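Visitor: Can you walk me through this one? I'd like to go through it piece by piece.

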Amino acid sequence: MNILHIWDQSGVACILAKYQKKIGHNAKVLRRSNYDPYGIYEYYRDLVEFVDEKDYLDKCVSEATRADVVHIHSRTDALLYLKKKLEKEIKLIMHFHGSDLRGIKQNFTHQKITSIPKLFIKNYNSRRIRERNNLLAENYADRIILSTPDLQEKIKMTIPIVLDNPVDTEHFCKSVTMSNGASKDDIFTFSTEATSNTNWIINYCKNNGINSLHVIDRTKSPIRYSKMPDFLQKFSTYVDIRYVNNSVLHNLSKTALESLACGLKVIDHELKCWTVLPSVHEPANVAKRSVQIYEEI
């Protein structure tokens, strides 16, 4: 089977392509060039073809003509463009990952009051376009895939399939030498583009007995994907409490899953302690399930 992944979120498409190839399929990822703040696509460069954004949609069309399945990650504009331009029937998968359905609410707390109306109009228009394209994608895609179960409430017209996020366990794995250096008190969490109100998370932890939480802002100090396993294993525990759009997310984040694969403990939003990566996130299992979804169309 020839599988084309369009775009990527947090390396999910790259990991799927890697392990789909391991089980005998041809797979590649098309990604925008000149944007790789965490080094994910540098790490998976043998699986990725880079394209300038101005040529991206047309390249998607030309590559799709040679594919049996086109697995699109978040880019509803690509799906709609393919549906318009493709002359032959090709299986089109629309995969939503989170903020593409939820959106990210703008926090105006520290904005000058004079800038709010213009920003509000811009964000309102962006939200309307996103919601319209999501509905069209539901209508045109052969299958809708979601990365987490909580996103099901955002789907309006179809019955989606949840495909658990894979972790590249060849990259994220326990290192005895690194894990021995971690203290039992080394507890941390990340602040990212998708999370909001870090103070709420800190206070929530303090109110539940977690007083020595290190908060690391990945936006200010990006950590290269190739270095992430070594970085994680400087700590003993990852706190996976994410407060997004005025609500707490209930699924384990990709970083939490990577932490488990590296031998860390993970504390979730219910203060439950996880110690083992669930088998549904093992990459071979996720790759096999993805192919099963394609074959069922």
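Guide: Let's start with a strand pair. β1 and strand β2 (residues 26-32) pair in the parallel sense, over 5 bridges. Keep in mind that this is a predicted model.

Visitor: Which residue stands opposite Ile3 in β2?

Guide: Ala27 does.

Visitor: Is strand β1 enclosed or open to the outside?

Guide: Largely enclosed by the rest of the structure, because 4 of the 5 residues of β1 (residues 2-6) are buried.

Visitor: What sheet does that pair belong to?

Guide: An open sheet of 7 strands, with parallel pairing. The order is β3-β2-β1-β4-β5-β6-β7.

Visitor: Which strands stand at the edges?

Guide: β3 (48-51) and β7 (161-162). Each has a single partner strand, so one side of each is left without a neighbour in the sheet.

Visitor: How many bridges join β2 to β3?

Guide: 4, and the two strands run parallel. Arg32 has Val51 in β3 as its bridge partner.

Visitor: What packs on that sheet?

Guide: Helix α1 does, touching β1, β2, β3, β4 (69-73) and β5 (91-96). The direction of α1 makes about 160° with that of β2. Helix α11 packs on the sheet too, touching β1, β4, β5, β6 (143-146) and β7. For α11, the angle is about 135° with the direction of β5.

Visitor: At what angle do α1 and α11 pack?

Guide: About 85°, with the axes 9 Å apart. Here α1 covers residues 12-22 and α11 covers residues 283-295. That makes α1 roughly perpendicular to α11.

Visitor: Which residues make the contact?

Guide: From α1, Ile15, Leu16, Tyr19 and Gln20. From α11, Pro283, Ala284, Val286, Ala287, Ser290, Val291 and Tyr294.

Visitor: How do the residues of that contact divide into nonpolar, polar and charged?

Guide: 9 are nonpolar, 2 are polar and none is charged.

Visitor: Staying in α1, is Lys18 buried or exposed?

Guide: Lys18, which is found in α1, is buried, with a relative accessible area of 16%. The cut-off for buried is under 20%.

Visitor: What is Lys18 in contact with?

Guide: Tyr44, Leu47, Asp168 and Glu170, leaving aside neighbours within four places in sequence. Lys18 and Leu47 are 29 residues apart along the chain, yet their C-alpha atoms are separated by 7.1 Å.

Visitor: New topic. Where does Ser74 lie?

Guide: In the loop between β4 and α4. Ser74 has a positive phi of about 75°, although it is not a glycine. Most residues other than glycine have a negative phi. Ser74 is also buried, with a relative accessible area of 13%.

Visitor: And what is the phi of Leu271?

Guide: Positive, about 65°, and Leu271 is not a glycine either. Leu271 lies in the loop between β13 and β14. This residue is partly exposed, at 31% relative accessible area.

Visitor: Back to α4. What does Thr76 touch?

Guide: Met94, Phe96, Asn133, Asn134 and Ala137, not counting residues up to four places away in sequence. Thr76 is found in helix α4 (residues 76-85). Thr76 is buried, with a relative accessible area of 8%.

Visitor: β13 and β14 came up. What sheet are they in?

Guide: An open sheet of 5 strands with mixed pairing. The order is β9-β8-β10-β13-β14. β9 (213-217) and β14 (273-274) stand at the edges, each with a single partner strand, so one side of each has no neighbour in the sheet.

Visitor: In what sense do β10 and β13 pair?

Guide: Parallel, over 3 bridges. β10 is residues 237-239 and β13 is residues 265-267. Thr237 stands opposite Lys265 in β13.

Visitor: How many disulfides does a search of the whole structure find?

Guide: 0. Take Cys173: the nearest cysteine sulfur, that of Cys262, is 6.6 Å away. The cut-off is within 2.5 Å, so Cys173 is in no disulfide. Cys173 is partly exposed, with a relative accessible area of 35%. Cys273 is partly exposed too, at 42%.

Conventions
Residues are numbered from 1 along each chain as its sequence is written. This is a predicted model: local features need pLDDT of at least 70, side-chain atom pairs count only at pLDDT 80 or more; totals for chains, interfaces and linings use all residues. Side-chain values use heavy atoms; hydrogens and water are left out. Buried means under 20% relative accessible area, exposed over 50%, partly exposed in between (1.4 Å probe, protein chains only). Axes are lines fitted to C-alpha atoms, for helices over the stretch in contact, and angles run from 0 to 180 degrees between N-to-C directions. Angles under 35 degrees count as roughly parallel, over 145 as roughly antiparallel, 65 to 115 as roughly perpendicular and the rest as oblique. Contact means heavy atoms within 4.5 Å. Ala, Val, Leu, Ile, Met, Phe, Trp, Tyr, Cys and Pro count as nonpolar, Asp, Glu, Lys and Arg as charged, and the others, Gly among them, as polar. Two strands pair if DSSP finds at least two bridges between them.
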